[in-house]
Amino acid sequence: MSQGRSVTVLHVSDTQFGKEHRFGEEGLTPGDRRHSSLAARTLKDVRHLEDEHGLRPDLVVASGDLAEWGLPKEFKQVQEFLEELTDGLGLSRDRVVMVPGNHDVSRRKCRRYFEECEDNDTEPIPPYWPK
């Protein structure tokens, strides 16, 4: 049997980008600001794993609750994070898998959709767009 090549996956989960996101420049000294983003801190940890154990991600999986409230500005933060992360890892965008969570859906848009269906006396149609 031939030996297969292993695949190393970097899994980031529950980032919840939004106004309550914990990473940023607030409270840090100017010298620490280059490490203030989640991407910068993650890349630092990945470099340590590569130096110490020879591990380097081939794929990034970003799952569950990437955003806080499913707002466009939050997904812009998610996009910026993933771009910084993949650039730092030397990975192309097709090496990123995203699996949304319940916070990645706009609850208000969902509620409005179902209320509109009720107001029009129509049945909601799966997959229940728009969200």
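**Sheet and helix packing in a predicted model**

Tutor: Five bridges join strand β1 (residues 9-13) to β2, and the two strands run parallel; strands here are DSSP runs of E with at least two residues, helices are runs of H or I with at least four residues, and both are numbered from the N terminus. This is a predicted model, in which local features need pLDDT of at least 70 and side-chain atom pairs count only at pLDDT 80 or more, while totals for chains, interfaces and linings use all residues. Residues are numbered from 1 along each chain as its sequence is written, and side-chain values use heavy atoms, with hydrogens and water left out.

Student: Which residue in β2 stands opposite valine 12?

Tutor: That is alanine 62.

Student: And what is the order of the strands in the open sheet?

Tutor: The order is β1-β2-β3, with parallel pairing, where two strands pair if DSSP finds at least two bridges between them. The edge strands are β1 and β3, each pairing on one side only. Between β2 and strand β3 (residues 96-99) there are four bridges, and valine 60 stands opposite valine 96 in β3.

Student: Is β2 mostly covered or mostly exposed?

Tutor: Mostly covered, since five of the five residues in β2 (residues 59-63) are buried, meaning under 20% relative accessible area with a 1.4 Å probe and protein chains only. In a regular strand the side chains alternate between the two faces of the sheet. For β2, Leu59, Val61 and Ser63 lie on one side and Val60 and Ala62 on the other, and all are buried.

Student: Switching to helices, at what angle do α1 and α2 pack?

Tutor: Helix α1 (residues 38-53) and helix α2 (residues 72-89) pack at about 25°, with their axes 9 Å apart; the axes are lines fitted to C-alpha atoms over the stretch in contact, and angles run from 0 to 180 degrees between N-to-C directions. The two helices are therefore roughly parallel to each other, a label for angles under 35 degrees.

Student: Which residues in α1 meet α2?

Tutor: Leu38, Ala39, Ala40, Thr42, Leu43 and Val46 in α1 meet Phe81, Glu84, Leu85, Gly88 and Leu89 in α2, contact meaning heavy atoms within 4.5 Å.

Notes:
Parallel < 35°, antiparallel > 145°, perpendicular 65-115°, else oblique. Buried < 20%, exposed > 50% of the residue type's maximum accessible area, 1.4 Å probe, protein only.
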